[in-house]
There are 2 protein chains.
Amino acid sequence: MEEIGIEITLVTSNENKFKEIKNLINFPINSEKIDLPEIQSLHVAKVACEKAKFAYNKIGNPVIVDDSGLYISALNGLPGPFITWFIESLGIYRFLNSINFNNNRKAYVSTCISFADGKDIYPFVGTTHGSISQIPRGTGFGYDPIFIPDGSDKTFGEMTFEEKKEFSMRQKALKKFEKYFKENVVK
Amino acid sequence: MEEIGIEITLVTSNENKFKEIKNLINFPINSEKIDLPEIQSLHVAKVACEKAKFAYNKIGNPVIVDDSGLYISALNGLPGPFITWFIESLGIYRFLNSINFNNNRKAYVSTCISFADGKDIYPFVGTTHGSISQIPRGTGFGYDPIFIPDGSDKTFGEMTFEEKKEFSMRQKALKKFEKYFKENVVK
């Protein structure tokens with residue numbers, strides 16, 4: 001872990017996201033468990049930037065927040081960031097069964113890591129294309145058990161942490177954030 | 001139309017809602033076309049109250065706003081207030097075809113009219129139970145062509161304004177608001 005000489009707080013109410021981000025990021029971060037209001041939008045960047053603004057106003061120090069979405073082709077890109085509500089309300093099995101895929105199981109997942117430092121808010125988006133499995137497989141949180149990234153036969157839920165890291169949209173977003181951070185913020 | 005000696009502004013970016021509310025309400029209202037941010041929630045009251053807060057802060061005078069949702073049994077109550085995104089992204093035909101109803105076409109519609117006067121925010125919710133039609137029928141906005149209220153064979157989209165008024169969840173919410181308003185606000 002590199003020392004960066006500045007404190008960053010990851011603000012999330014999702015314990016799973018915190019664990020995953022803490023394991024993916026290459027410098028130390030704090031965390032605060034705050035339930036951030038989320039605005040309705042199909043764009044993870046829009047949702048994440050509003051969350052980052054709110055989190056910064058609450059904490060008063062540099063923050064990062066995460067927002068993710070599952071974009072299903074057969075639903076013309078829905079439910080996007082609203083996927084959380086579907087999985088919470090229906091469970092992953094019933095969610096799968098509630099959709100008519102019409103033989104098109106293509107989907108992509110996006111995560112936006114937004115960084116707010118009191119001066120501005122910066123979105124870093126990572127996207128991974130893939131498909132929706134016929135049945136849930138493996139463990140993991142959110143849509144991990146139903147999303148198969150292109151280039152693998154496994155769902156995110158069936159992968160080890162190291163395997164998932166290779167395909168992770170969250171990792172891609174964090175890499176972009178880290179690059180920006182090292183080039184522009186750390187002195 | 002009764003004179004009420006106080007100005008109320010309906011804030012909405014939806015022309016159809018404005019027309020409908022103006023025709024349903026029994027006293028004169030102004031209107032402002034503002035695109036209000038909406039928070040993610042399955043409860044129309046929560047979404048509408050946040051919108052009312054935002055609208056009041058923008059306008060500085062008493063406001064009402066509207067938020068509505070379609071709650072489908074086969075989706076365990078989803079998509080609720082998110083229905084707007086589904087109809088916008090998919091269109092009404094494709095939305096209907098994207099869901100596995102599994103022979104359960106029950107649904108209900110809810111509208112919350114929220115009133116903000118700078119002192120507090122008041123939610124007034126109206127709900128109408130019914131079912132989802134096999135195919136879209138008639139005209140109207142949003143889910144009007146697919147929602148059949150219990151007690152009728154017609155979708156909202158097939159009804160005249162007077163017919164729809166009898167079943168309208170928006171009318172029920174407005175009645176509650178008008179009652180409160182006459183008893184507590186108008187001197």
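1. Chain A holds 5 helices and 7 strands, where helices (H or I, at least four residues) and strands (E, at least two) are DSSP runs numbered from the N terminus. Their order along the sequence is β-α-β-α-β-β-α-β-β-β-α-α. The radius of gyration of chain A is 16 Å, close to the 16 Å that the globule rule gives for 187 residues, so the chain is as compact as a globular protein of that length. That radius is taken over C-alpha atoms, and the rule is 2.2 Å times the number of residues to the power 0.38.

2. This is a predicted model: local features need pLDDT of at least 70 and side-chain atom pairs count only at pLDDT 80 or more, while totals for chains, interfaces and linings use all residues. Residues are numbered from 1 along each chain as its sequence is written, and chains are lettered from A and ligands numbered from 1 in the order in which they are written.

3. The C-alpha trace of chain A spans about 50 × 30 × 25 Å along its principal axes. Of its 187 residues, 43% are buried, that is, they have 20 or more other C-beta atoms within 10 Å of their own, with C-beta atoms placed from the backbone; exposed means 12 or fewer, and partly exposed lies in between.

4. The same surface serves both copies, as 100% of the contact residues of chain A recur in chain B; contact means C-beta atoms, placed from the backbone, within 7 Å.

5. Each side's share of the contact is 19 residues from chain A and 19 residues from chain B. On the side of chain A that touches chain B, 11 are nonpolar, 7 polar and 1 charged (nonpolar: Ala, Val, Leu, Ile, Met, Phe, Trp, Tyr, Cys and Pro; charged: Asp, Glu, Lys and Arg; polar: the others, Gly among them).

6. Which residues of helix H1 (residues 15-24) of chain B are buried? They are B:Lys17, B:Glu20 and B:Ile21. Seen down the axis of H1(B), these fall within an arc of 95°, so they line one face of the helix; the arc is that of the directions from the helix axis to the C-beta atoms. They pack against strand E1 (9-11), strand E3 (63-72) and helix H5 (169-184) of chain B. The face turned away from the buried side of H1(B) carries the exposed residues B:Glu15, B:Lys22 and B:Asn23.

Notes. Two residues are in contact if their C-beta atoms, placed from the backbone, lie within 7 Å.
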